[in-house]
Amino acid sequence: MFVLDLTYTAPLDAVDAALDAHVAWLEEQYTAGVFLASGRKNPRDGGVIIAVAEDRARIEEIVAGDPFVTAGVCAYRVTEFIATKTAAGLERYRETLG
């Protein structure tokens, strides 16, 4: 499981110009089963995405395709973690340490 922490690197008008394409990209990732949750930070200086994938390389590939990245309006910090506890409904993403 991964936490994707987006930080805007451009003014909000530039972010907003790429927003529709970013939202369409988000929907693609939800449909593919990669993204579990996402939203804006408050204050609005970026966003957060919770994602699942087979490995970090796949997440890096997905992130590189974000229209925010290709427009040069955000930077990502990717944190991988082992989800040993989850809420009901997310049991299939639980992992064991070992």
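Analyst: Happy to. A word on charges before we go inside: Lys and Arg count as positive here and Asp and Glu as negative, while His and the chain ends are left out. By that count the protein, which is a predicted model, carries 9 positive and 15 negative side chains, with the centres of the two sets 7 Å apart. Its accessible surface is about 5,900 Å², and carbon and sulfur atoms account for 53% of that.

The protein has four helices and four strands, arranged from the N terminus as β-α-α-β-β-α-α-β. Its radius of gyration is 14 Å, close to the 13 Å that the globule rule gives for 98 residues, so the protein is as compact as a globular protein of that length. Along the principal axes, the C-alpha atoms fill a box of roughly 45 × 25 × 20 Å. Of the contacts with a separation of 6 or more, 66% join residues 24 or more positions apart.

On to the core itself. Buried residues make up 31% of the 98 in the protein. In soluble globular proteins, nonpolar side chains tend to be buried together. Here the largest nonpolar core has 20 residues, and those with the most contacts inside it are Leu4, Phe35, Ile49, Ile59, Phe68 and Tyr76. At least two core residues come from each of strand E1 (2-8), helix H2 (19-31), strand E3, helix H3 (56-64) and strand E4 (74-80). E1 gives the largest share, four residues.

Phe35 sits in strand E2 and counts as buried, because its relative accessibility is 3%, below the 20% cut-off. Beyond its neighbours up to four places away in sequence, Phe35 touches Leu4, Trp25, Leu26, Gln29, Tyr30, Ile49, Ile50, Ala51 and Ile62. Ile49, seen with the neighbours within four places left aside, has contacts that include Phe2, Val3, Leu4 and Leu6, as well as Trp25, Leu26, Phe35 and Tyr76. Ala37 and Ser38 are also among the contacts of Ile49. For a sense of distance, Phe35 and Ala71 are 36 residues apart in sequence and 21 Å apart in space, C-alpha to C-alpha.

The loop between strand E2 (35-40) and strand E3 (46-51) holds Pro43, and the peptide bond from Asn42 to Pro43 is cis, with omega near 10°.

Conventions:
Residues are numbered from 1 along each chain as its sequence is written. This is a predicted model: local features need pLDDT of at least 70, side-chain atom pairs count only at pLDDT 80 or more; totals for chains, interfaces and linings use all residues. Side-chain values use heavy atoms; hydrogens and water are left out. The radius of gyration is taken over C-alpha atoms; the globule rule is 2.2 Å times the number of residues to the power 0.38. Buried means under 20% relative accessible area, exposed over 50%, partly exposed in between (1.4 Å probe, protein chains only). Contact means heavy atoms within 4.5 Å. Accessible areas come from the Shrake-Rupley method with a 1.4 Å probe; for residues, only the protein chains shown count as cover. The place of a charge is taken as NZ of Lys, CZ of Arg, CG of Asp or CD of Glu. A nonpolar core is a set of buried Ala, Val, Leu, Ile, Met, Phe, Trp, Tyr and Cys residues joined through side-chain atoms within 4.5 Å.
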